Amino acid sequence: MKKRIISSIVLMLFITVAFAQSTIMKGKVVEENTNTPIEMATIRVLKSNAYTVTDKNGAFSIKAASGDQIEVTHMSYKTLLVTIQNQQTISLQPAPISLNEIIVSANPLQDISQSTEINDTSKKISQPRSVGGLFRDIKGFGITKKGAYASEPVFRSFKYEQLNVQYDGGMKVLNACPNRMDPITTHVIPEEVEKIEIVKGPFTVRFGQNFGGIINLVTKTPDRSKLGVHGSVEGGYETNGNNLVSGASVVYVGKKIDVNFNGSYRDFGDYTDGNGTEVPSSFRTTDYSIKLGVNPKENQRLQFSWRQSFSRDIDHAGLPMDSPYDDSYLAGIDYKINELSEKINSFTFKVFYSYVDHLMTNEGRPTFMMVDSRTPVESWTYGGKAELVFSPSDHARIYTGIDANIIDRKGNRTRIVKMMNGVMLPEPMTFYDKVWQDANLDDIGVFAEGKFKIAAYTTLTTGIRADFIATSLDDPAADFEALYGGSIQDETETNVSANISIKYQKNGFQTQLALGRGVRTASMVERYINHFNVGVDPYEYVGNPNLKPEVNNQIELSFLKNFETITIGATFFHSFLTDYITAVVTDIPRVYMPTTPPVVAKQFINVDKATQTGFEFTFNVKASEKLSFTSDVSYTRAQNKDFDEPLPHIPPFKANLGAKYEGNNYWILVSSRLVAAQDRISTTFMEEKTPGFGTLDLRVGFEPYKGLSIGAAVLNIFDKAYYEHLNFSYQNSNTLSGRIYEPGRNFTTYIKYKF
C-alpha cells in the first residue's frame, strides 16, 4: 500500500503546467481614512499563490501580470481583492476586532510558529456526525473512534489531554465520561465551525498547557460590514443510516450591537458497512448558540456567548455501555480593546464556565442480564485569561498574561448484580462504585512570549510559561486509599515550558525552525480513575496520584514554496519524550466481575524515554484558473524506549489526493484517502495489525442563483469494507465482534439558502 501511495504522489510531480508571462509589479498599501502606510500587509497573487509583505513605507513588489487578481490582507484591516496595476496605491479599511482566532496568518509579528489554519470546511457536502469528523482529511491527523458519534482527533502520536483542544481562543467543555463518550468535539455543531487553527507542537505558551499541539475551533461571527438582518437555513440527508441534518442561523448587525443565533438538529441512524453489516451508531442531537456583541467604540468589543447541546440515545459500538443522554452548556464573556497607547497594542480578557451532565448504561447489552449498571457523571470547567500586548519598538511585540482552568468531576456507578458465576441470585445485590472520587484539578498559568523582527524577512519568537497545578480528591474510595498507603494527599506541582523559533519568508518562500519544551500534568483519568475500563483493551484501569508530569522536547523544521502554479511544502519533526505516561499490567486484582479475564488491572505509570519522529509533505498544482490538484502525505513513527515497542494508537502512513474543478457557479471535487497498513503495534495494549485501504469520494456543488447552494456527494464510491487503526474494538455487543468498520457507500444531499 505504501508503494501505491508514493506512486500516486509521484504522478502528480509530472503534471505539466503552462506559466503565464509576468513581470515585477510595484505598489503601496495605505489606510483608507488617514492615508498612513501599512507595514506587514500580505500581498498574494491568486493565480500563482506567490506572495510578499509590505515594508515600513507600505511598499511592495511582486511577480505578477497586469490584470491579475491579488488578495491584500492584514489582521487589523478588512481583506481586499483587487486587480493589480503597476505603481498603484491600495487603500484598506479597518477590520472588526477579532476575539476567536489565535493565529493571524497575515502578520509575521503575530503568527504562531509551525501553525496552520483549515478553512475549506464549507464545500464538503456531507454531514459529519460530530466535529471530530472534520479532521479526517487533514494531514498528520487520525480519528480515534469509540462509536459513530464519539470521535476526536489524534495528531501524530498525541491524543486526549496531550492535545489542547478549545473553542474560540480558549473556551472549553471537557468530557464528564471517563470513557470519553462526550469529548469536546461533540459539544459544538460542525456547521458552526468556520475554520480550524492548528499549532503543531509546543511552540507557543499563550493558550494554556501545550504538550503536543493546540487545536482551536473557530466558530462563525457576524460580518460587521453587513448591517441589518441576514442569515441562512440549511438541511441535508444521507442514505446510509437515513441521516437527517437541519440548521438555521440568524444575524442582526447594528452600528453598536450585533446578535448571532445558530441552531441545529441531527438525527442519525445505524449505518451499514461495506460488508453489509449494520453498525449500532444512532443518536439525536439538538444544539443552539447565541452570541451578543457590543462595540462601545471602534477599538473595543464586548461579547457574551451561550451554547447548549442536548444529545439523546447515543450508541457506542466500541464501548461496553451506551448513553441515554448527554447535556452540556457553555457561557463565556470576552472583552478586547485595541490601541490603548502608542506602545500598548491591546488588552484581552476572557472568562467561561461549562457543565456536562452525562449518563451511561449497559441496558440493551448482553451483560445486562447479569448486572444492571448505571453511571451518571458530571463535569464542571471554569476558566479565563487576561493578556496584555505591547510593542517596545516597531520590530518587537510582547505578549504577557495569566490564564486558568479549574476542573471538577463527580460521579458514581450503581451496579445491581442479578447473576453471579452463572447462577441467578435469589435477591439482586446492589453496589456503589466511586468513579471520579470527586476529583479536582486546578491549573493557573503565567506566560510571556516575544516576537522580534531581526531582519527584513526574518522573525524570532521566544516564550516561557509556568503552570501551577493543584489536585485533590474529596471523596476517595477505600480501596484506592489502601492501594496508596492510606489517605490520598492533595498534590501541587510547578511545570515550566518554553519555546524558541525562527521564521524566514520572502517572495513565496517560507522556512521555519522551532524548538519547544511542553510539559503536561497527568490527567484526572491517569491520576484518579478507580477500576474502570477506559482503554482499547478489556483491562480495568487504576489511576496513580504519584505520576510525574510528562515532557515533550520537540524540534520541527518546515519549508513552503509557492511558485506561480505550484505549491510544495514539507515538515520534519522529532520529539524526545520523558516521563511519558502509559499503563502496564500489574498484579492488582480486578474488582468488578473479578472472575472475568483478564483478572488483574492495569495501572498508569511513567516511563523514562519515548520518541516520536515523522514527516508531512504537500504538493499542490493550480493547472488553470478552474482546475487544481492537491496532495499530501504524513507519517509518524513513535517508540516506547523502555518497553522496546511502538507507542500505541499511532495513525499509519496516509495520503490525501484531490482534484477540484470550479466554475462561476458550480464545482466538482474528487478526493481519495490512501492509508497504509499499520504493523507497528504495541503488544502491551493488545493492539492488532490493521490492513491498508483506499477510498474515493465525489462531491459536487451548484449555485443556481445568489444565496442558494445545492450539493450532492457519493462517499466511499466503491463500497469498500475497511476500518481505521484508531477505531476501538466492539465490546459487550449483541451482534458484533471485532473492529468498528466505517460506513459503506453513502449518497448525500445538501441545500443551503442565505438571506
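Predicted model: local features only at pLDDT ≥ 70, side-chain atom pairs only at ≥ 80, totals over all residues.
Two strands count as paired here if DSSP finds at least two bridges between them.

On one side of the story is β34 (residues 600–622), which pairs with β35 in the antiparallel sense over 11 bridges. Thr613 sits opposite Arg637 of β35, and four residues separate the two strands in their hairpin.

Next comes β36 (residues 645–646), also antiparallel to β35, with two bridges. Here Asn640 has Glu645 in β36 as its bridge partner. These strands make a hairpin too, with four residues between them, and Asp644 takes a positive phi near 55 degrees there.

Then there's β37 (residues 654–662), which pairs with β35 in the antiparallel sense over eight bridges. Ser634 finds its bridge partner in Lys654 of β37.

Now for the charged side chains. The whole structure holds 39 salt bridges, among them these:

| Salt bridge | N to O distance |
|---|---|
| Lys385 – Glu387 | 3.8 Å |
| Arg465 – Asp467 | 2.8 Å |
| Glu662 – Lys660 | 3.8 Å |

How exposed are these residues? Lys385 is buried at 14% relative accessible area, and Glu387 is buried at 5%. Arg465 and Asp467 are both buried as well. Glu662, at 29% relative accessibility, is partly exposed, and so is Lys660 at 21%.

Finally, salt bridges also link up into a network, made of Arg136, Lys145, Arg673, Glu724 and Glu742.

Terms used:
Residues numbered from 1 in each chain as written. Heavy atoms only, no water. Salt bridge = Lys/Arg side-chain N within 4 Å of Asp/Glu carboxyl O. Buried < 20%, exposed > 50% of the residue type's maximum accessible area, 1.4 Å probe, protein only.
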